[in-house]
Amino acid sequence: MNEPSQPNQNEWLAQERALELLRRYASGRCALPGDQQPDPLSPTASSGGCTDTNTIGEYRLLFHALTQMPRSEPPDDFAAAVARAVRDAQVDEHIERWVTRVAGAVATVCLAVFAGPILVDSLRTSDALTLLPGVGLLGSPLLWAAAAGTACAVLLDALHKVH
Amino acid sequence: MNDDRTLVEAALAYAPGAFDRLVRQHQRLVWHVVERMVRHPEDTRELSQEVFVRVYQKLSQFRYDSSLATWIGRIAFSLATRHLQRKQLPVNDDHRIDSSSEDPLTRIADDFDFADAYADAELGAAVSAAVEALPPVQRTLISLYHFDELGIGEISQMTGLPEGTVKNSLFRARKRLRACLEQAIGVVA
């Protein structure tokens, strides 16, 4: 959609002219007592030569009616309610962050406990690996759980800092 | 814009009362945008609060490429639009606009006293009812342009609609309101 096209252009100009006259009137720049300016709510007031005076007068009346319409305003305690909502959101966000961390850590630890020993068992078939000192410890689920938990915590913390 | 920067930096630094000041400065605009879109008191209250929660969460992403009011207004408009879409309510329902070329107001006599006619409270009520009957986006545009006295450019930035679309929607809404006004005047007269 673009600007109103002909033949609507004249009516658009009438609307804008009516608004301009009404604003000038509101700011006291026209139709002051003793002025020769007509009442801007009158349909026969000056049109500025852009279109017919009747249309402008009608729009002036409409815009005047619009500005007089009762308006809904925020309640007095709105700012306080927003402050409460923001605090609640902060708490929710904090809880959500920790739940994500814990859930992530538990999932990683579980995976490591189940998959770690299986991985070590498969590597034991290699002669070179069985000759290494302390390689038996790698089969311990506790070791895998501790390693995975630490790695997970470090990773989640780093991700949080980046975010 | 400098005032915006001072206020935003203070809020981001958690200065006491800074965010509260930001809320008080922009609460009327947010309320008007949301209220005009959703027309439901409880939803208006909840959504307006949600707007400021979003503002709080996203304030560090504000880049000063528009005024803070425009940025906050954009969040309000976007949340209200999503709310209507979620409820499957029409957002920009233009089909009710009377596009007939007939201009009923031209039938009114030249010497009709509009100011006196408007003095009748029924006429004011008729205009209010006509505004309420506008589609949400047109109602909001009318509100931003005529009540909050924002420019076309600002409204365009706030709503994400091209300036031509804003002008056209305003034009159609006013034309429709004018037709409703004519009907009311006809009843009064």
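Predicted model: local features only at pLDDT ≥ 70, side-chain atom pairs only at ≥ 80, totals over all residues.
**Entry 1: helix α7 of chain B**

I started with B:Thr140, which sits in helix α7 of chain B, residues 136-147. I looked up its relative accessible area and got 0%, so B:Thr140 is buried. I then listed its contacts, leaving aside neighbours within four places in sequence, and found B:Val33, B:Arg36, B:Met37 and B:Phe77.

I next asked how much of α7(B) is buried. The count is 12 of the 12 residues, so the helix is largely enclosed by the rest of the structure. The buried residues include B:Arg139, B:Gln138 and B:His146, along with B:Leu141, B:Ile142 and B:Phe147.

I also checked the length of α7(B). At 1.5 Å a residue, its 12 residues should span 16 Å, and the end C-alpha atoms lie 15 Å apart, which agrees.

**Entry 2: positive phi values**

I looked for backbone angles of note, because most residues other than glycine have a negative phi. Just after α7(B), B:Glu149 takes a positive phi of about 55°. B:Glu149 belongs to the loop between α7 and α8 (152-159) of chain B. Its relative accessible area is 52%, and the cut-off for exposed is over 50%, so I noted B:Glu149 as exposed.

B:Tyr64 also has a positive phi, about 60°, and is not a glycine. I placed B:Tyr64 in the loop between α3 (41-58) and α4 (68-86) of chain B. Is B:Tyr64 buried or exposed? The relative accessible area of B:Tyr64 is 17%, and the cut-off for buried is under 20%, so I noted B:Tyr64 as buried.

**Entry 3: the contact between chains A and B**

I turned to the interface. Chain A gives 43 residues to the contact and chain B gives 46. The area buried between the two chains is about 4400 Å², with 63% of that from carbon and sulfur atoms.

How many salt bridges are there between chain A and chain B? I recorded six. I looked up the one that joins the side chains of B:Arg174 and A:Glu16, at 3.0 Å from N to O.

I then took the side of chain A that touches chain B. The elements giving two or more residues to this side are α1 (8-26), α2 (53-68) and α3 (78-124) of chain A. The largest share, 12 residues, comes from α2(A). By type, I have the residues of this side of chain A down as 23 nonpolar, 11 polar and nine charged.

Technical notes
Residues numbered from 1 in each chain as written. Chains lettered and ligands numbered in written order. Heavy atoms only, no water. Helix = DSSP H or I, 4+ residues; strand = E, 2+ residues; numbered from the N terminus. Buried < 20%, exposed > 50% of the residue type's maximum accessible area, 1.4 Å probe, protein only. Contact = heavy atoms within 4.5 Å. Buried area = accessible area lost by both parts, 1.4 Å probe. Salt bridge = Lys/Arg side-chain N within 4 Å of Asp/Glu carboxyl O. Nonpolar A, V, L, I, M, F, W, Y, C, P; charged D, E, K, R; others polar. Expected span 1.5 Å × (residues − 1).
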